[in-house]
Every structure is written in structure tokens, then in C-alpha cells.
Amino acid sequence: MRRTANRATMNPRLRLLQPYPFERLRQLFDGITPNPDYSPISLGIGEPRHPTPPFLKQALCDATLGQPGLAGYPATAGEALLREACAHWLQRRYGVQLDPLTQVLSVNGSREALFAFAQTVIDPAADAIVLCPNPFYQIYEGAALLAGATPWYAPSLPERNFAVDWDSVPDDVWQRTRLLFVCSPGNPTGAVMPLEEWRKLFALSDRYGFVMASDECYSEIYFRDDAPLGGLEAAMRLGRHDFRKLLMFTSLSKRSNVPGLRSGFVAGDAELIRSFLLYRTYHGCAMSPVVQRASAAAWSDEAHVTDNRRQYRDKFAQVTPLLSDVLDVGLPDAGFYLWAGIGQSCGGSDEAFARALYQHYHVTVLPGSYLAREARGHNPGAGRIRMALVAETEPCLEAAHRIRAFVQGHHP
Ligand SMILES: Cc1ncc(COP(=O)(O)O)c(C=O)c1O
């Protein structure tokens, strides 16, 4: 009796959450025995796997063993030392000036911050819409649903080089939009938003009053000469020096190969930061003081970031041409994914492709349709696969050779 009652009192919005892509992948592969002649190679999860820089591990040890170590509760906003290091990085990287005490906030990685920010912004009584690209990082959707908003998906298609088609959003949707997620560089597309697109979004934000959350956690892994434009940088270039209605989200996970550290920051509009800090005080998500010290060291060093980027560039330069011969794929602007069209392989079904590739060649890729939603009769991820080139170069090359053989119809 009691059990049933408890279930009935659960937050009904939990039932709206979609299974995570990796859970769907597990079900897709259920019952398959992969070919034992091949060792497993996973291009599925986008988890950085280059080694953590030794100086960062040392900084963690030093902070643990030094004073005050782990004695004492950390402040939710983060220590000044860390926020100043983040503000200095923003200045070096984007040429923007922010006040570390009112415009920068430490967070435990961008994922929790993107989620929590939606809870801060959305009024569940207001019939709000949260707008995001399609395909997208699934946290945007879950954050919107649990905040009591309705997600709306704006397509990002190969015809437009994966630029999001904001013009396809109807006026009545803009009217109800309270929060817009931008992902640049994009996951999974790798596309970077140019200044003109920012200009358009700022004009729309001024007109309709929505807030923008700019997810930039892939900004330091790029393949062209110019580093990706950031949201704060775009705002500054367009004369929006107060960064009104804009927060950028970033982290050390990809930049410094420390996904396990859980360290990032948000920066921008001081008013948004103030409300977000209030929310976070209750949420209880202050960053460990040890992690704060190590993070300050990481944001202050650029040599390891340059070296990491060089490793990705070498790897992508070798792997991409092997795959672009057989799939619809090219070098992305940035990020560590290849977002490939499979053409008529496996009847054009991304699920069938991923399943058969796993079965015959023991290579894991993610079906593109798992990263997008069907909207207005079309799933923009259908017929595509996402490959995360996070492992070392050798296994990525080996995977590329197996995928080539698979697409060319050699099924062992
Ligand atoms: C687009 C995007 N945003 C945010 C994150 C979260 O990363 P983290 O919480 O490690 O900063 C990820 C992780 O893969 C991602 O792909």
C-alpha cells in the first residue's frame, strides 16, 4: 500500500524524461555477440581519454595535503582565486573583461550547471518553451522538462552546413521562449556559430525577452586556424558590454582531459549570475576546495591545451580521409566527433548500421537518431552516426579501417 502511495506522489515530470542514448544503445546491442576475431573499439561515448596532465594531478595532491585541505565548507560561489583565474582566461582567450566576483561562478562541470540554470530561469506556471538545436545534448531537454517547460527543437541540417535554422521557429514559439540553449562548437555536428548568427539571436532575445545559455565546452578543440568565437566575445563585438541575458558555460573536462574532476564555470550577465547563485546556495553544489585549487592551476596554463589540441588535430587528419571516402563526412570546425551520413548503407537506417557494425567488426558508434528528436515529421539525426574520436590515434585508425571494410560490404 505504502509503496503505491509513494509512487503516486513522485514528481510526474520524471516520466517525461527520455532514456539516455547509451541506455538505448545497450538495448540495441542486447543479445548480439560481437565477432570474437576483433578487439572491441568504442567510438560511442564522448568521454575524453587523453591522459590527464601530470601537473594537474600534482596540484590536486598539493591542495589536499596543504592548508586548509579539506577542512571547512567551501563557499558556493567559489574562491576568488579560482574565479580570477577563470576571468583571466576569458580575457586571454576572448579579449573580454569580466568582474570575477559578480560575473563568474564556479560550477561542477557544465552538465550540472546547464541543468540547474534551467531550474533558475523557468517559471513553471508560465507555459514556457525552452528552445534548443536538434540534434542536441540531452541535458537541455531533461532540464526543460523537469523545470516545467516544453522543449522545442530547431533543426540543424547538412544542407545548411549544420547551422541551426532559427528562421524556422514560428513567432508564437518565440513569444513563449524563456530560455534558448546554444551549443557552439556543436555536439554532435562540430559546427561553430558565426557572428552574424549571434547578431540574429541577440536581436531576437531583445525582442522576446528570453535568456541564452551558451554551451561552449568544446571550444578548445578546433581544426581551423581561428579559435571558435565565444558567446561573450560575440556580445562584446556587437557592443553588448553588459552581456545582458547571456551566460556562457564551459569546463575543464575536454580542455584539460579531466572529465572526472567535475570542474567548470559560467560567466556573463551579473543579474543572471546573482539569481543562479541564490538557486545554487539551496541546491548545495559548492565545488570542493581541493578541486578549486587544481582548477585555478588548469585555467592558468595553456601549454597542455595546445598539446591536447595538436593530438586531436593529428588524429582527425589521419582518420577523417579514411572515412570521408565511404561516408558523408568531413573535418568539423571543432569538437571531437565525426557526424557522418551513412547514405544507403544498411538501408539508410542508423540503428541497423550501428548494430551490424558492432556485430561484424566490434566497433561501437552511436545512431544519430538517438541524439535528436523527431520534430515536424523528421528526425534530423536519422541516417547519420556519431563517432567520438576520443581514444588514442591507433585504435581510432583501426576502427576507421573496419568501418571502411564494413561499408564496402565485406562482412566477415
Ligand atoms: C554539448 C555538451 N555540453 C556539456 C557537456 C557536459 O560536460 P561537463 O559536465 O563534463 O562539462 C557535454 C559532455 O559530453 C556535452 O557534450
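Leaving aside its neighbours within four places in sequence, which residues is His304 in contact with? I will start there, and please keep in mind that this is a predicted model. The answer is Pro53, Phe55, Arg255, Ser256 and Ala298. His304 itself belongs to helix H14, which covers residues 303–324. One of those partners, Ser256, also makes a polar contact with it, side chain to side chain, at 2.8 Å. Is His304 buried or exposed? Its relative accessible area is 12%, and the cut-off for buried is under 20%, so His304 counts as buried.

Next, the aromatic rings. How many aromatic pairs does a search of the whole structure find? The count is 22. I will take one of them, Tyr218 with Phe336. A pair of aromatic rings is described by the distance of the centres and the angle of the planes. For Tyr218 and Phe336 the centres are 5.2 Å apart and the planes stand at 90°. Edge-to-face means over 60 degrees, so this pair is edge-to-face.

Where do the two residues sit? Tyr218 is in the loop between strand S6 (211–215) and helix H10 (231–237), while Phe336 is in the loop between H14 and strand S9 (337–341). The pair therefore ties together parts that are 118 residues apart in sequence. Both residues are buried: Tyr218 has 4% relative accessibility, and Phe336 has 0%.

Still on rings, Tyr38, Phe353, Tyr361 and Phe406 form one aromatic cluster. There are also charges over rings. Arg280 lies over the face of Phe276, 5.0 Å from the ring centre. Arg376 does likewise over Trp152, at 3.8 Å from the ring centre.

Last, the ligand. Which of the 14 residues around the ligand come nearest? They are Ser110, Asp215, Tyr218, Ser251 and Ser253.

Now some distances from oxygen atoms of the ligand. One lies 2.6 Å from an N or O atom in the side chain of Ser253. For an N or O atom in the side chain of Ser251, the distance is 2.7 Å. On its own the ligand has 400 Å² of accessible area, and the protein covers 91% of that.

As for helices, H6 (110–121) and H11 (252–255) each supply at least two residues of the shell around the ligand. H6 gives the most, with three residues. That is the end of my part.

Technical notes. Residues are numbered from 1 along each chain as its sequence is written. This is a predicted model: local features need pLDDT of at least 70, side-chain atom pairs count only at pLDDT 80 or more; totals for chains, interfaces and linings use all residues. Side-chain values use heavy atoms; hydrogens and water are left out. Helices (H or I, at least four residues) and strands (E, at least two) are DSSP runs, numbered from the N terminus. Buried means under 20% relative accessible area, exposed over 50%, partly exposed in between (1.4 Å probe, protein chains only). A polar contact is a pair of N or O atoms within 3.5 Å; within protein, one must be able to donate a hydrogen and the other to accept it, and residues adjacent in sequence count only if both atoms are side-chain atoms. Contact means heavy atoms within 4.5 Å. Rings of Phe, Tyr and Trp (its six-membered ring) pair if their centres lie within 6.5 Å; planes under 30 degrees apart count as stacked, over 60 as edge-to-face and the rest as tilted. A charge sits over a ring if NZ of Lys or CZ of Arg is within 6 Å of the ring centre and within 35 degrees of the ring normal. A residue is near a molecule or strand if one of its heavy atoms lies within 4 Å of it. Accessible areas come from the Shrake-Rupley method with a 1.4 Å probe; for residues, only the protein chains shown count as cover.
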